[in-house]
Amino acid sequence: MHLPKSGDFIDIHVHGGTSSPGIFILESLMAHEGKTPDDIAGVAFTYGIHPWFLNEENHKQLLSAVENTACLPDVIAIGEAGFDRLRGPSMQLQRLAFEEQIAISEKLRKPVVIHCVRAWDELMAAQKKLKPKMSWLVHGFRGNVTLASQLLSKGIYLSFWFDFVLRPGSGQLISQLPANRIFLETDGADVNIMSIYEKVAVDLNIRVDQLKQIIINNFNTFFGIE
Ligand SMILES: [Zn+2]
């Protein structure tokens with residue numbers, strides 16, 4: 001099992017990443033891609049059904065891929081799973097696939113990385129209904145402070161969308177949120193995780209090494225690592 005070392009930058013949501021010294025990545029494998037952790041060496045994985053690539057025809061097949069892969073030791077979280085009102089199948093099918101993946105998360109005791117676009121009501125309703133014990137992380141967050149506070153108050157962690165973080169205006173939001181509940185990510189885009197850390201360290205008025213330590217602590221809490 002791959003875990004971040006003290007001093008590592010953590011990129012919590014990546015597609016198509018590779019291992020490199022000093023940077024810990026959580027590679028997000030999507031069930032429809034047909035890849036397995038064996039195809040990529042030296043990193044940790046999430047595995048799940050992305051709502052964009054779910055349909056009535058592939059639903060059962062994708063679900064069994066999650067069941068068969070999520071139990072592997074290098075898969076440390078389920079996802080990305082979630083809801084998207086702008087792209088993907090009916091909300092009914094998205095809801096079913098999400099609930100099935102939450103059941104797997106709870107059974108395997110692995111937390112969940114969430115994709116959510118314009119469907120916060122669905123996410124909140126699912127949490128209320130399912131009462132998960134495992135932690136949830138919304139990745140690619142770019143909302144306002146009201147939405148952020150609402151999610152945080154439900155115990156949900158936030159990882160900011162890389163492009164949002166790098167905008168000067170995001171500093172006001174980031175500085176208002178509890179640093180012990182945040183993560184940073186590149187989402188596989190051509191952007192350096194170190195420059196994202198540098199920007200957020202300025203927003204929080206701390207040093208990059210302090211931010212690294214905070215995010216490693218967050219990682220350990222999120223994944224239930226002692
Ligand atoms: Zn993603």
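Reader: What should I know about the numbering and the values before I start?

Author: The model is predicted, so local features need pLDDT of at least 70 and side-chain atom pairs count only at pLDDT 80 or more, while totals for chains, interfaces and linings use all residues. Residues are numbered from 1 along each chain as its sequence is written, and side-chain values use heavy atoms, with hydrogens and water left out.

Reader: Which residues are the protein donors of the zinc ion?

Author: Donors are N, O and S atoms within 2.8 Å of the metal (3.2 Å for Na, K and Ca); water is not among the atoms, so sites may look incomplete. Here the zinc ion has His13 (NE2), His15 (NE2) and Glu80 (OE) as protein donors, 2.0 to 2.1 Å away. Histidine 13 is in strand 1 (residues 9-14) and glutamate 80 in strand 4 (residues 75-84), 67 residues apart. Helices (H or I, at least four residues) and strands (E, at least two) are DSSP runs, numbered from the N terminus.

Reader: Are histidine 13 and glutamate 80 buried or exposed?

Author: Buried means under 20% relative accessible area, exposed over 50%, and partly exposed in between (1.4 Å probe, protein chains only). Both histidine 13 and glutamate 80 are buried.

Reader: How many residues are in the largest nonpolar core?

Author: In soluble globular proteins, nonpolar side chains tend to be buried together. A nonpolar core is a set of buried Ala, Val, Leu, Ile, Met, Phe, Trp, Tyr and Cys residues joined through side-chain atoms within 4.5 Å. The largest one here has 76 residues, and Phe98, Leu123 and Trp136 are among those with the most contacts inside it. Leucine 123 is one of the buried residues of helix 3 (residues 120-130).

Reader: How many aromatic pairs are found in the whole structure?

Author: A pair of aromatic rings is described by the distance of the centres and the angle of the planes. Rings of Phe, Tyr and Trp (its six-membered ring) pair if their centres lie within 6.5 Å; planes under 30 degrees apart count as stacked, over 60 as edge-to-face and the rest as tilted. The search finds 14 such pairs. In one of them, phenylalanine 98 and tryptophan 136 are edge-to-face, at 5.4 Å centre to centre and 85° between the planes. Phenylalanine 98 belongs to helix 2 and tryptophan 136 to strand 6, 38 residues apart.
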